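User: I'd like to learn how to read aromatic ring pairs in a protein model. Can you walk me through it with the one below?

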Amino acid sequence: MEIYEIYDTLTGFLTANAIYQAGVFFLLWVAFRAANQVRAEDANALNKVLVTLFSLGIIFNGLNTGAILFVTLENTAYSLSQLETLTPTSQAFVDTWGTGEVAQGGLFSNPINTAWWAVVTVMLMGRIWTKQ
């Protein structure tokens, strides 16, 4: 591949990732609305469990979307590093995101993303399972 093809692929991925992430944030809003409703109505245990499962599914998708983003950035840097010549901008990209090997990633590979979703989890579970 050439630089243009690598960046074109990255741009397509970033667009798709952003659209998917917007969907995750919309569903996160729905989860907070459901958690508030469960708390306001003092719902039974079944409703609380269902809202909890819905919320945890959204949190999983958020963690996954963030992990895929970082893996893709690192793999793009790896692909660029395999080229014979790089532009200064491409070299800066490799210096920023490159690890020297193909990225493996995982749900908890980015501590900032993991911490953010952990806070969201505590907020949601607190709204669902605590009394007013």
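User: How many aromatic pairs does the count come to here?

Analyst: Keep in mind that this is a predicted model. Rings pair if their centres lie within 6.5 Å, and by that rule the count comes to six aromatic pairs.

User: What is the geometry of the pair Phe25 and Trp117?

Analyst: Look at the angle between planes: under 30 degrees counts as stacked. For Phe25 and Trp117 the planes are at 15° and the ring centres 6.4 Å apart, so this pair is stacked.

User: Which parts does that pair tie together?

Analyst: Check which element holds each residue. Phe25 sits in helix α1 (residues 3-41) and Trp117 in helix α4 (residues 111-129), so the pair ties together parts 92 residues apart in sequence. Ring pairs also link Phe25, Trp116 and Trp117 into a cluster.

User: Is Trp117 buried or exposed?

Analyst: Buried means under 20% relative accessible area. Trp117 has 2%, so it is buried, whereas Phe25 is partly exposed with 40%.

User: And Phe70 with Trp97: how are their planes arranged?

Analyst: Over 60 degrees would be edge-to-face, and what falls between that and stacked is tilted. The planes of Phe70 and Trp97 are at 55° with centres 5.6 Å apart, so that pair is tilted. This pair links distant parts of the chain too: Phe70 is in helix α2 (residues 45-81) and Trp97 in helix α3 (residues 88-97), 27 residues apart.

User: What about accessibility for those two residues?

Analyst: Phe70 counts as partly exposed at 23% relative accessibility, and Trp97 counts as partly exposed at 26%.

How values were computed:
Residues are numbered from 1 along each chain as its sequence is written. This is a predicted model: local features need pLDDT of at least 70, side-chain atom pairs count only at pLDDT 80 or more; totals for chains, interfaces and linings use all residues. Side-chain values use heavy atoms; hydrogens and water are left out. Helices (H or I, at least four residues) and strands (E, at least two) are DSSP runs, numbered from the N terminus. Buried means under 20% relative accessible area, exposed over 50%, partly exposed in between (1.4 Å probe, protein chains only).
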